[in-house]
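Subject: Handover of a structure

Dear colleague,

Please find the structure below for your own work.

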Amino acid sequence: MPFRYEERVSPKGRPYVWLHVSGELSVADAHEYAGHFRAGGRYHRMHTLSFVEKGTEYGPEARRIFLEVGQSAPHATVTSSALVRAAINLMSRFSPKTGRYRMFATEPEALAWLDDKEA
């Protein structure tokens with residue numbers, strides 16, 4: 001399974017979703033993600049910190065689904081892979097996440113940014 005979800009609390013006491021992403025993401029995986037983050041989903045309007053492993057791949061249809069979901073709350077992504085970072089940056093250019101999405105090289109940086117963002 002390419003996703004692992006954990007509900008956590010930040011140093012400032014803000015609940016957030018920690019999301020570990022790895023492997024090849026299929027259309028079914030993208031629909032699973034969308035179900036959690038769309039209106040009515042378990043994580044809708046929750047701050048999110050994603051850790052995306054090196055080598056993670058998104059097919060064209062899965063990318064389209066991720067873009068349709070958008071973000072209802074701030075979302076920080078951490079990855080050390082330049083290739084993954086480039087793919088996510090390209091996807092985020094077409095997403096309605098303006099000001100609510102940012103990429104980081106380390107988890108502490110991402111969590112600090114996320115902790116300072118309002119929903």
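Two residues are taken to be in contact when they have heavy atoms within 4.5 Å. Of the contacts in the protein with a separation of 6 or more, 75% are made by residues 24 or more positions apart.

This is a predicted model, in which local features need pLDDT of at least 70 and side-chain atom pairs count only at pLDDT 80 or more, while totals for chains, interfaces and linings use all residues. Residues are numbered from 1 along each chain as its sequence is written, and side-chain values use heavy atoms, with hydrogens and water left out.

Overall architecture

The protein contains four helices and seven strands (DSSP runs numbered from the N terminus, with H or I of at least four residues for helices and E of at least two for strands). Their order from the N terminus is β-β-β-α-β-β-α-β-α-β-α. The radius of gyration is 13 Å, close to the 14 Å that the globule rule gives for 119 residues, so the protein is as compact as a globular protein of that length. Here the radius is taken over C-alpha atoms, and the rule is 2.2 Å times the number of residues to the power 0.38. The C-alpha trace spans about 35 × 30 × 25 Å along its principal axes.

Burial

Of the 119 residues, 45% count as buried; buried means under 20% relative accessible area, exposed over 50%, and partly exposed in between, with a 1.4 Å probe and protein chains only.

In helix H2 (residues 60-69), the buried residues are Ala-62, Ile-65, Phe-66 and Val-69. They cover an arc of only 100° around the axis, which puts them on the same side of H2; the arc is that of the directions from the helix axis to the C-beta atoms. Their cover includes strand E1 (3-9), strand E3 (24-25), helix H1 (27-37) and strand E5 (57-58).

Helix H4 (residues 107-116) has Ala-110, Leu-111, Trp-113, Leu-114 and Asp-115 buried. Strands E2 (15-21), E4 (47-52), E6 (75-78) and E7 (101-104) are among the elements that cover them.

A residue of helix H1

Val-27 lies in helix H1. Which residues does Val-27 touch, not counting those up to four places away in sequence? They are Glu-61, Ala-62 and Ile-65. Val-27 counts as partly exposed, at 34% relative accessibility. Its C-alpha atom is separated by 24 Å from that of His-47, 20 residues apart along the chain.

Yours sincerely
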